[in-house]
Amino acid sequence: MRTAEYPSPDHFLLHLSDTHLLARGDRLYDRVDSAAHLAGLFAEVEASTGRPEAIIITGDLADKGEPDAYRMLRSIVEPAAARLGSRVIWVMGNHDDRSAFRTTLLGEPASTAPIDHVDFIGGLRVITLDTSVPGHHYGAVSEAQLAWLGRELSVPAPDGTILAMHHPPVPSVLDLAVSVELRGQAALARVLRGTDVRSILAGHLHYSSTAMFAGIPVSVASATCYTQDLNVPVGGTRGQDGARTFNLVHVYADTVLHSVVPLGSYPALEYIDAAETSRRLADSGVEIMPAGTLPAFREPPMTMPIRVLS
């Protein structure tokens, strides 16, 4: 038997962003049914039989921050999460309202303070950082938030840390997006560099993108409502009612894998089910080791004999 280069992942997360729900079933641009698109996403995820440990939604949950929009969001996400056996981690965005977010999603008293928190998924730490600036669409992180983040990261987590935030610390393909980018990124980089943060998950851009920031991979999930057309003539911006996606995040001992999944169905060319996959791997003499196993290319740490001095 040959051992596959990587074992099964230690953690599996579902990352989506920018749901932009409206109260009363209203539609974005009078045509985009953001609630229906979100419900369709979960129907597709459930049909795949994948079972993420957590669902992380990186901001702009409600287009106008309306309490009824958050209630509608819960009515779609929470039953699906229960069926999947997943925890839900909500992240603030620039379209969200901190007080309504707190009271309707978190069950906390109304407050305009930043919504930063820490969740543990087994040994994996997920830190949510609120980059919203009330009354504005650009992002920022205050000195107090950076101090809090530094204290949290001073103690490494067993499986490392995922940082979830709305405004991504990456360049933008679209020039107009610099007006709503995350400001003061150098200060955030100083806090993050050299820590156990293994991946930064973000949204805001309405298209999928990847980059590096402070030595850390950044994965930007596109929107579940509408997206940006990157084939627009250079210098322009054009939203489109289509090309919606979500991301799968698989955490391994040595890497974090981010995969973009388009919504919708397409003509199938061939289907090989799980049983046939197992049979073919067995026939090929290939074995995938269980989660928690070191990658095939990584040697276990050497143990040095202990010398006792008398």
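How many bridges join strand β13 to β14, and do the two run parallel or antiparallel? Seven bridges join β13 (residues 245-251) to β14, and the strands run antiparallel. V249 stands opposite H258 in β14.

This is a predicted model, in which local features need pLDDT of at least 70, side-chain atom pairs count only at pLDDT 80 or more, and totals for chains, interfaces and linings use all residues. Residues are numbered from 1 along each chain as its sequence is written, and side-chain values use heavy atoms, without hydrogens and water.

Both strands belong to an open sheet of five, in the order β4-β3-β2-β13-β14, with mixed pairing (strands pair if DSSP finds at least two bridges between them; strands are E runs of at least two residues, helices H or I runs of at least four, numbered from the N terminus). β4 (87-91) and β14 (256-262) stand at the edges with a single partner strand each, so one side of each has no neighbour in the sheet. Helix α1 (residues 34-47) lies across β2 (11-16), β3 (54-58), β13 and β14, at about 160° to β2 (contact means heavy atoms within 4.5 Å; axes are lines fitted to C-alpha atoms, for helices over the stretch in contact, with angles from 0 to 180 degrees between N-to-C directions).
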